[in-house]
Amino acid sequence: MTLTDEQLLDLESKRSFLFFWEEANTDKASPGYGLIVDRAPGDSDMCSVASVGFGLTAIMIGVGRGWISRAEGYERALGTLNTLLEHAEQVNGFFYHFLNMKTARRHDNCEVSVIDTAIAVCGAIAAGEYFGCDVREYAQRLYERVDWAWYRNPEYNQFYMGYAPERGFFARWDLYAEQFMMYFLAAASPTHPVDPSMFYDFGRQYGTFGDNPPFIYTWLGSLFTFQFSHAWFDLRGKVDRDNVDWWQNSVIATKANRDYCIAHASEFRTFGPDAWGLTACDGPNGYSGRYGTAPSGLNSSNDQHQPDGTVPPAGAAGSIVFMPEEVLSALRNYYENYPQLWGRYGFKDSYNLDVSPPYYAEDVIGIDKGITLLMIENYRSGLVWDYFMRNAHVQRGMALCEIREKETELN
């Protein structure tokens with residue numbers, strides 16, 4: 001039976017939700033209760049803090065769709081936040097990128113991550129606004145604990161890229177990517193704020209592909225960088241003080257990504273008008289963040305993206321709010337023509353027809369299932385935007401960064 005668009009979106013959404021619900025530590029006596037794996041079935045011991053952020057938001061979607069009860073969702077959300085507050089290893093409020101699923105301690109020698117912490121805080125705020133009561137209180141405590149100023153490089157007025165006790169701070173968020181949430185949250189922090197000017201002190205490189213207008217692109221041209229902050233922050237119809245429309249910027253980036261795949265369909269047989277959306281994902285040679293499209297690199301040098309024919313369904317799915325018709329067509333192509341790409345948690349991470357034998361990922365990855373689930377729900381109902389944007393700190397952070405309503409031209 002052929003599924004309608006709504007049935008297909010509902011099926012993928014429910015399966016994506018199940019990843020966050022089932023691939024969590026459900027032992028209430030464990031220090032890691034509520035933590036969610038980075039990937040499944042590949043590694044059952046490693047939690048991704050970003051997965052937890054997406055997962056906290058997934059809970060409210062599950063309740064809203066009737067897949068779990070409100071009581072079940074409330075209990076899981078509260079327990080997860082308690083784990084983050086009381087057990088998860090952190091430094092000045094910032095979590096390690098990966099945690100042990102059972103102990104909630106640092107996994108291997110991973111870094112203390114500002115972006116993954118920001119994703120966790122976004123998830124906490126969303127759940128807090130949805131459930132209220134103790135969940136809101138715990139989310140507020142989690143947010144207030146983060147010492148954003150500590151993570152700031154004073155020389156450049158930019159956030160460091162990472163920190164590890166063994167090496168100190170390293171690299172910088174010196175160009176545009178997925179990090180908007182960091183500036184908005186940090187500017188409005190009631191305890192450890194930073195100057196909102198940080199939002200205007202990262203590099204903004206313009207480039208384009210095909211006949212698209214110029215847009216501010218990211219280093220690797222990977223589509224997730226144009227999606228993640230938009231999953232929570234509703235930037236529709238808004239501009240910054242430089243009159244940049246970041247929503248429209250992501251629309252153009254999405255179109256350029258698709259156009260690139262169409263233009264290179266003769267080089268990569270996986271690519272086409274219904275197989276596009278290059279973003280960080282698993283591939284034949286392991287996980288890579290370099291699956292992206294032109295423009296990339298410094299001054300549109302286009303030397304940082306490295307496509308090999310690998311296509312992840314999450315790349316298109318995460319842009320459904322930007323180009324719904326084209327995304328729906330791509331998702332239908334994946335579902336109807338590539339059954340090897342489908343599993344318990346919906347679309348697996350990626351596939352590649354340019355290798356022999358054709359490659360189909362075994363795993364699903366939390367951040368890819370997360371952006372898929374949140375963006376599909378925003379497209380269908382606006383649920384995440386609706387609740388998250390009610391938060392006073394969210395509103396204040398955007399205002400401090402001078403995000404304002406776009407003026408409409410009067411005829």
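In which loop is Ala 104 found? Ala 104 sits in the loop between β5 (98-100) and α4, where helices (H or I, at least four residues) and strands (E, at least two) are DSSP runs numbered from the N terminus. The model you are looking at is predicted, so local features need pLDDT of at least 70 and side-chain atom pairs count only at pLDDT 80 or more, while totals for chains, interfaces and linings use all residues. Residues are numbered from 1 along each chain as its sequence is written, and side-chain values use heavy atoms, with hydrogens and water left out.

Let's stay with Ala 104 for a moment. Its phi is positive, about 65°, although Ala 104 is not a glycine. With 0% relative accessibility, Ala 104 counts as buried (buried means under 20% relative accessible area, exposed over 50%, and partly exposed in between, using a 1.4 Å probe and protein chains only). Asn 157 also has a positive phi, near 55°, in a residue other than glycine. You will find Asn 157 in the loop between β6 (152-153) and β7 (158-164), and at 9% relative accessibility Asn 157 counts as buried.

Two prolines deserve a look next. A cis peptide bond, with omega about 0°, joins Ala 40 to Pro 41, and Pro 41 lies in the loop between β1 (37-40) and β2 (43-48). The bond from Ser 356 to Pro 357 is cis as well, with omega near -5°; Pro 357 is in the loop between β16 (351-352) and β17 (359-360).

Now for the helices. Two packed helices are described by the angle between their axes and the distance between the axes. Here axes are lines fitted to C-alpha atoms, for helices over the stretch in contact, and angles run from 0 to 180 degrees between N-to-C directions. Helix α2 (residues 49-64) and helix α3 (residues 70-86) have axes that come within 9 Å and cross at roughly 165°. That makes α2 roughly antiparallel to α3 (angles under 35 degrees count as roughly parallel, over 145 as roughly antiparallel, 65 to 115 as roughly perpendicular and the rest as oblique). On the α2 side, Val 52, Leu 56, Ile 59 and Val 63 meet residues of α3 that include Arg 70, Gly 73 and Leu 84, contact meaning heavy atoms within 4.5 Å.

Helix α4 and helix α5 (residues 133-145) pack at about 155°, with their axes 7 Å apart. That makes α4 roughly antiparallel to α5. Among the residues that meet are Val 121, Ile 125 and Phe 131 in α4, and Val 135, Leu 142 and Tyr 143 in α5.

What about the interior? The largest nonpolar core has 150 residues, and those with the most contacts inside it are Trp 148, Phe 159, Met 181, Phe 199, Trp 232 and Phe 233. Such a core is a set of buried Ala, Val, Leu, Ile, Met, Phe, Trp, Tyr and Cys residues joined through side-chain atoms within 4.5 Å. Leaving aside residues up to four places away in sequence, Met 181 touches Ile 115, Ala 118, Ile 119, Cys 122, Phe 228, Ser 229, Trp 232 and Phe 233.

Finally, turn to Glu 377 in helix α10 (residues 366-380). At 2% relative accessibility, Glu 377 counts as buried. Not counting residues up to four places away in sequence, Glu 377 touches Ile 61, Arg 65, Gly 382 and Leu 383.
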